[in-house]
Amino acid sequence: SLRRIMSREIASIYMFFGEDSFFQEIMIDAILNVFKGEKINLVLGVDSEENIINHLNLSSLFTEKEVIIIRNPKKISARCQTEMADYCKSPIKDKVLIFIYDDPYSSNKFIDEVCSNATCVDMRVPFPNKMKEWALYYIKKRKIKIPISLLDQLIEDYGDNTKSVINEIDKFHIYSNHGAEDIDISINTNM
């Protein structure tokens, strides 16, 4: 899905399934970079359903684009589910709607109905063999220099979720004053 977004193929509706906040933010940032819309975060239980429906149905005279992110959508009432499902069948072209379900196995009639009109993306923590790919993507994007042996060690030690690996990469990057040579020295002297 990230490759499609990077090639400027933006869907009108996305459903993210999984708890990896790192992946969620990468995808949202990529969509925002291509779509150039205002980011609107809505959380059910905090924001009212009426507010969410208003964001979906209101069209701007000045065609302002919006990327609407709905977190905690399990709490959507039946009435609101119907309105959202209808919207998903015929979305407004100046809006991208993203539903985020932290439970990768979420399923109900509403989800099934929306999925038929959405791009569904698995946001679970990657398998160890894919963790290195994502860490390398992050390092390249941030222009961080880090020895591969250190990256392998960080993945082995903190690879239970992507955010932990990225956090450790950032710590070493800051600790070394942004130089890979210092990282090697600091690792070797602290072992």
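The largest cavity is lined by Pro73, Lys74, Gln81, Tyr101, Asn108, Phe110 and Ile111. This is a predicted model, in which local features need pLDDT of at least 70 and side-chain atom pairs count only at pLDDT 80 or more, while totals for chains, interfaces and linings use all residues. Residues are numbered from 1 along each chain as its sequence is written, and side-chain values use heavy atoms, with hydrogens and water left out.

Across the whole structure, the search finds one cavity of 30 Å³ or more. Both cavities and pockets are sets of points on a 1 Å grid over the protein atoms alone: in a cavity a 1.4 Å probe fits but cannot get out, a pocket is an open set with protein on both sides within 12 Å along at least five of seven lines, and lining residues have an atom within 4 Å of a point. Points are joined across faces, edges and corners, and a volume is the space filled by probe spheres set on them.

| Space | Volume | Lining by class |
|---|---|---|
| Largest cavity | about 30 Å³ | four nonpolar, two polar, one charged |
| Largest pocket | about 630 Å³ | 13 nonpolar, one polar, five charged |

In these classes, Ala, Val, Leu, Ile, Met, Phe, Trp, Tyr, Cys and Pro count as nonpolar, Asp, Glu, Lys and Arg as charged, and the others, Gly among them, as polar.

The largest pocket has 19 lining residues, and Leu2, Phe23, Lys130, Glu133 and Trp134 lie nearest its centre. At least two lining residues come from each of helix H1 (2–6), helix H2 (21–35), strand S5 (119–122) and helix H6 (128–142). H6 gives the largest share, five residues. Helices (H or I, at least four residues) and strands (E, at least two) are DSSP runs numbered from the N terminus.

H2 has 15 residues and spans 21 Å from its first C-alpha to its last, close to the expected 21 Å at 1.5 Å a residue; the expected span is 1.5 Å times one less than the number of residues. Of these 15 residues, 11 are buried, so H2 is largely enclosed by the rest of the structure. Buried means under 20% relative accessible area, exposed over 50%, and partly exposed in between (1.4 Å probe, protein chains only). Among the buried residues of H2 are Phe22, Phe23, Gln24 and Ile26. At the start of H2, a side-chain oxygen of Asp20 comes within 3.1 Å of the backbone nitrogen of Phe22.

Gly37 sits in the loop between H2 and strand S2 (38–43). Its relative accessibility is 17%, and Gly37 therefore counts as buried. Gly37 and Glu66 are 29 residues apart in sequence, with their C-alpha atoms 4.5 Å apart.

Helix H8 (residues 162–175) reaches 20 Å over its 14 residues, from first C-alpha to last, close to the 20 Å expected at 1.5 Å a residue. Thr162, Val165, Ile166, Glu168, Ile169, Phe172 and His173 are buried in H8. Down the helix axis, the buried residues of H8 fall within an arc of 160 degrees, so they line one face; the arc is that of the directions from the helix axis to the C-beta atoms. The exposed residues Ile174 and Tyr175 are on the face of H8 turned away from its buried side. Asn161 caps the N-terminal end of H8, with a side-chain oxygen 3.1 Å from the backbone nitrogen of Lys163.

Technical notes
A polar contact is a pair of N or O atoms within 3.5 Å; within protein, one must be able to donate a hydrogen and the other to accept it, and residues adjacent in sequence count only if both atoms are side-chain atoms.
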